[in-house]
Every structure is written in structure tokens, then in C-alpha cells.
Amino acid sequence: MKRFGFFIANQWVEPSGREYFTSYNPATGEPIAEFPAAAQPDVEAACAAARSAFHCTWAEMDPEGRAGLMLSAAAIMRKRERELAEVEAMDTGKPIAETAGFDIPFSILAFEYFANIAREVQGHVIPVKREGGKEIFDFVTYEPYGVVAVISPFNFPLHLLTRSLCPAIAAGNTAVCKASEKTPVTTALLGEILLEAGFPPGVVNILSGYGKVTGEALASHKEVDVISFTGSEMVGRRLMELSARSPVIKKTLLELGGKGPAIVEPDCNMEETVNSLILGLCYNQGEVCCATTRLYLHEDIYAPFLTRLIEAMDGLRMGDILDPQTQMGSLISQEQLDRVDGYVKAAVNDGARVLCGGERYTVPPCDKGNWYRPTLLEDVKSSSACYREEVFGPVMVVEKYRRLQDAIDKANDTNFGLGANLFTENYRTAYRTGRQLNVGSVWVNMPNGSQMACPFGGNRNSGLGREYGVIGLQEYLKVKNNMWNMTSGSYSYY
Ligand code: NAD
């Protein structure tokens with residue numbers, strides 16, 4: 001079994017302590033690789049390397065130089081695309097169709113896209129009024145912050161890492177990355193890729209380890225200027241606390257959880273809507289922040305729509321994750337499987353009806369992993385945990401509505417605000433409804449999803465800030481206003 005080290009200043013280094021952990025394939029239980037768990041001295045070394053690279057090379061390099069290196073990394077990733085897709089499937093338990101079709105191509109695209117748009121970062125001039133006969137020239141410039149700590153979750157390991165890392169380094173920052181301890185493999189392989197691409201030492205440093213130790217040491221470190229975190233609301237709140245307590249408050253970007261609603265109007269195209277809901281709920285086994293988990297269905301189409309939806313949910317193919325035909329994989333761990341099942345059982349004990357699923361899937365080879373059948377629940381109390389909390393599994397609750405406004409109010413009745421889906425053929429309804437939804441993304445007549453050029457992020461407990469696109473790049477640039485007196489002679493306000 002391969003044993004990785006930390007990637008610090010372009011060297012593979014041994015941990016200061018002796019602790020290692022193993023990453024397993026959740027679909028089979030087989031071990032994949034061993035990783036060191038970083039402690040405070042390792043975090044110190046990585047942050048020092050990142051600070052030094054920021055001052056000595058990276059921030060001073062012009063955007064063309066940075067873009068060239070990022071494009072070289074993308075080219076190497078393309079050569080290793082199949083290998084990365086297989087490793088990502090095995091580390092996460094998701095089907096190869098998803099890692100080969102989305103995770104890895106999107107990670108490569110992040111390098112290409114942000115390399116290219118970073119060339120376009122420009123300042124601007126603000127016309128200002130003359131003060132006491134003086135001519136003022138005012139201009140705004142954008143500068144990198146310094147060191148960014150990128151802390152990423154288990155559900156799309158390389159994709160969500162690169163979604164934050166690429167804009168950060170394209171903007172001239174350096175980085176220390178920490179993947180989830182559940183899925184560290186492709187993040188470690190990125191070290192090999194950046195080394196081969198010729199990145200200067202220290203621009204990207206990669207640690208492995210546990211959240212409580214490595215993550216907290218990183219988020220509290222004095223050299224870290226920005227925390228870019230994707231993960232749970234609970235940890236997001238903790239990172240805000242750590243930032244507030246550190247000597248220098250850090251810019252904290254948070255991409256947190258969700259409880260995605262879908263409103264289905266009676267004039268929807270039923271086949272397309274069912275297809276979108278299946279993807280919205282079951283993609284990545286429901287381990288998706290913006291998964292569609294609350295369905296508000298108009299009473300006029302309630303019964304026929306549900307018949308079709310249940311048929312489609314029951315028909316999803318689960319099995320060998322390396323088979324390109326497999327549509328749904330294994331949940332990340334036994335613990336997550338128990339958690340998902342616990343939400344369903346509690347809802348049922350509280351009066352909910354299981355319309356499909358509601359149990360573990362154990363047909364071989366799925367008996368070895370943590371598969372859960374796509375689940376639809378009716379009559380779930382709106383006060384229950386299953387209705388209000390993020391389940392992070394393929395579990396959807398359905399509710400009937402008569403007035404559209406009631407469905408909108410229910411959709412907004414949550415502390416989350418990541419994304420919402422709407423299905424109607426009436427563009428006026430779509431426009432008016434979309435405006436009322438308190439979310440970062442609205443998808444009309446399509447499943448939830450993201451595009452590299454379009455901002456993504458949440459309102460309320462779903463997060464702070466946005467990733468992707470020009471707006472995502474700007475999150476990693478600080479604004480400086482420059483005000484120059486262009487007239488000789490002393491300046492006075494009196
Ligand atoms: P998590 O919060 O448990 O862990 C995320 C990362 O934070 C991991 O690397 C972990 O080691 C680290 N971490 C844990 N405790 C920490 C601490 N005290 N200090 C510093 N770091 C710590 O999340 P997860 O289970 O890996 O991922 C699932 C969550 O991520 C869900 O809530 C999901 O909605 C969210 N998510 C959000 C988005 C988004 O774009 N909004 C995308 C994907 C996942």
C-alpha cells in the first residue's frame with residue numbers, strides 16, 4: 001500500500017509525529033493508501049513555506065507566468081485523467097461515471113479557467129471632485145491576500161479543492177491545503193502534478209490530517225490570511241470563532257450545507273422534471289450540499305407525478321463503482337449510513353410514510369459497502385430533523401401544495417439558503433418565484449449544478465462568499481484604493 005508524506009516546499013516530508021491513518025474504499029472496505037496526520041509543527045512548516053513563496057516568487061510573478069504553470073498542471077492532469085477518475089471513485093465510493101464525467105474534468109477546467117481569467121484582473125480609475133483647487137487622481141488596484149488555507153470536504157475531493165485553490169493561486173496567493181481525512185488521495189496526487197509542472201517551492205503545500213488537530217491549527221495560524229472552507233455548518237461556525245480569536249482576523253469564505261427545495265408546478269414537463277429531480281437527489285448518493293431534498297408538488301399532478309418519480313428512483317442502478325453503467329455509489333462510511341437511516345427511522349416513528357427506499361441496499365456487491373436506497377417520504381412533520389436538517393444521503397420529503405405562494409414560503413422556511421429548483425413552463429411564474437427565493441442559486445427546469453463561470457454559494461447558514469467565475473476570483477483579491485494629490489503645494493482641509 002502506498003504511503004504518502006506531506007508536500008511542503010516541493011518536498012515529500014515525513015510527519016513530525018508518528019501518526020498515520022489509512023484511507024479506505026467505502027464501496028468495498030479495502031484500504032487504498034496511508035497518510036500522515038499533521039500536527040502543529042507540520043502546520044508551521046507548511047505555513048512558513050507558503051509565506052516565503054508568497055514574498056519571494058509567486059506574488060511578484062506576472063499573471064502570464066502563473067497562468068503558464070497552471071496550464072502545464074492542467075495538461076499533466078489530462079494525461080493522468082483516467083487514473084485520477086479511478087482513484088477518486090475508489091476513495092469516495094461514487095461511480096466512475098461521475099468522477100470521469102464531472103469531478104476530474106471539472107478539476108482540470110478549474111486550472112485552465114482561472115489561469116486564463118487571472119490575466120484579466122485590472123484596476124480602475126474613479127473620477128473624484130477637486131478638493132480646494134487640488135486635482136485628485138484616484139485608482140483602485142487588486143492584490144492577493146497572502147496565504148490561503150484551503151480546507152475541503154469528502155464529497156467531491158479534488159473538484160472542491162481546486163474550486164478554491166485555483167482562483168486563490170491564480171490571483172497570486174499561496175496555499176496550504178488540507179483534504180478530508182476520509183478522501184485524501186487525489187489531493188496528495190496533486191502534489192506530484194504541481195511538482196512536474198514546475199511550480200516554485202511553497203506555492204502549494206499539502207497536508208493530510210484530522211479536522212480537530214490539523215484543520216484547527218491551520219485555521220488559527222498567524223500566517224494564514226484567508227480561510228477557504230467547504231464543509232459542514234458546524235465546522236464553519238467553529239472556523240469563524242477561530243478567526244475571531246486569532247491575533248489577525250482572517251477573511252473567512254464558507255461553503256456550507258443546504259436543504260434544497262424544489263417547487264413543481266402543474267404545467268411542468270413531467271418526464272424532464274422527474275429526470276432532474278432524480279439527478280438532484282441521487283447524484284453522488286445524495287452527498288451533495290445543494291441536493292434536492294424537499295419536494296413541493298402541486299396537488300393537481302400529485303399522484304401521477306409521484307408514481308413516475310418512484311418508478312425512476314427504484315430503477316437506479318447500484319453496483320460496482322468501476323462499472324461505467326453504475327448510477328449510484330456507496331455512502332462515505334458506515335457512520336454516514338447509520339446517520340441517514342436514523343433520520344428516516346425517526347421520521348417514520350413520528351408518522352412519516354415511506355413511498356420508496358427507506359433501507360440499506362445489500363444486493364452483492366453492495367453488501368460490502370454503505371449503499372442506501374433512494375428514499376421518498378410523505379407526511380414528514382415540518383418540525384422534524386429529517387425535514388429541517390441536512391441528511392446528506394438520497395432522502396427526499398414530499399409535500400402537496402395548492403397555492404404557489406405557500407410553496408414559496410415553505411421553500412424559504414429553513415435556516416439554509418444554498419439553492420432551489422423550480423419547474424414550470426410559464427416564464428412569468430419562474431421569474432416572480434425565483435425573485436422570492438432566499439438562495440444563492442435558482443435552477444429553472446433543470447437539476448442543480450454548477451458552471452465554472454457562474455458564481456455559486458449560499459445565503460444564511462449555507463455560507464459566506466461565492467466560488468467560481470470572476471466573482472469567485474475576486475474573493476481572493478483584496479481591494480486597495482489609491483488617492484494621489486496631483487497638484488504641488490501643501491494640502492489643507494481648513
Ligand atoms: P466537515 O465539515 O466534517 O469537514 C470538512 C473539512 O473540514 C474536512 O477536511 C475536515 O477534516 C475539516 N474539519 C473538521 N473539523 C474541523 C475543525 N474543527 N477545524 C478545522 N477543520 C475541520 O464536512 P464533510 O463531512 O467533509 O462534508 C460534508 C459537508 O460539506 C456537508 O455539510 C455539505 O453540505 C458541505 N458541502 C458544502 C458545499 C458547498 O459548496 N456549499 C460543497 C460540498 C460540501
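Helices (H or I, at least four residues) and strands (E, at least two) are taken here as DSSP runs, numbered from the N terminus. On that basis, helix H7 (211-220) and helix H8 (233-245) each contribute at least two residues to the shell around the ligand. The model is a predicted one, in which local features need pLDDT of at least 70 and side-chain atom pairs count only at pLDDT 80 or more, while totals for chains, interfaces and linings use all residues. Residues are numbered from 1 along each chain as its sequence is written.

**The shell around the ligand**

- Of the 29 residues around the ligand, those that come nearest are Pro153, Gly211, Gly215, Gly231 and Cys289, where a residue is near a molecule or strand if its C-beta atom, placed from the backbone, lies within 6 Å of it.
- H7 provides the largest share of this shell, 5 residues.
- By class, the shell comprises 10 nonpolar, 12 polar and 7 charged residues, with Ala, Val, Leu, Ile, Met, Phe, Trp, Tyr, Cys and Pro counted as nonpolar, Asp, Glu, Lys and Arg as charged, and the others, Gly among them, as polar.
- Because domain 1 (2-256 + 458-481) and domain 2 (260-444) both give residues to the shell around the ligand, the shell lies between them.

**The two domains**

- The chain is divided into domain 1 (2-256 + 458-481) and domain 2 (260-444), with bounds that come from an automatic or database domain assignment.
- The C-alpha centres of domain 1 and domain 2 are 31 Å apart.
- Contact between the domains involves 21 residues of domain 1 and 25 residues of domain 2, two residues being in contact if their C-beta atoms, placed from the backbone, lie within 7 Å.
- On the side of domain 1 that touches domain 2, the elements giving two or more residues are helix H3 (81-92) and helix H4 (96-118).
- That side of domain 1 has 7 nonpolar, 9 polar and 5 charged residues.

**Strands and pairing**

- An open sheet with mixed pairing is formed by 3 strands in the order S1-S5-S4, where two strands pair if DSSP finds at least two bridges between them.
- Strand S1 (2-3) and strand S4 (20-24) stand at the edges with a single partner strand each, so one side of each is left without a neighbour in the sheet.
- S1 and strand S5 (residues 31-36) run parallel and are joined by 2 bridges; arginine 3 has glutamate 34 as its bridge partner in S5.
- Strand S11 (residues 226-230) and S12 also run parallel, joined by 5 bridges, and the bridge partner of threonine 230 in S12 is glutamate 255.
- In strand S12 (residues 251-255), 4 of the 5 residues are buried, so the strand is largely enclosed by the rest of the structure; a residue is buried if 20 or more other C-beta atoms lie within 10 Å of its own, exposed if 12 or fewer, and partly exposed in between, with C-beta atoms placed from the backbone.

- Helix H1 (residues 40-58) has 19 residues and reaches 25 Å from its first C-alpha to its last, close to the 27 Å expected at 1.5 Å a residue, the expected span being 1.5 Å times one less than the number of residues.
- The buried residues of H1, among them Asp42, Arg51, Phe54 and Trp58, pack against strand S2 (6-8), strand S8 (147-151), strand S9 (174-178), strand S10 (204-207) and H7.
- Helix H6 (residues 185-197), with 13 residues, reaches 19 Å from its first C-alpha to its last, close to the 18 Å expected at 1.5 Å a residue.
- Buried residues in H6 include Val185, Leu189, Ile193 and Leu194, and the helix is followed by glycine 198, whose phi is positive, near 95°.

**Loop residues and backbone details**

- Proline 364 and proline 365 are joined by a cis peptide bond with omega of about 5°, and proline 365 lies in the loop between strand S15 (353-356) and strand S16 (375-378).
- Glutamate 359 lies in the loop between S15 and S16, and counts as exposed with 12 C-beta neighbours inside 10 Å.
- Asparagine 284, in the loop between helix H9 (270-282) and strand S14 (292-298), has a positive phi of about 55° although it is not a glycine, and counts as buried with 24 C-beta neighbours inside 10 Å.
- Aspartate 379, in the loop between S16 and helix H12 (385-388), has a positive phi of about 60° although it is not a glycine, and counts as partly exposed with 14 C-beta neighbours inside 10 Å.
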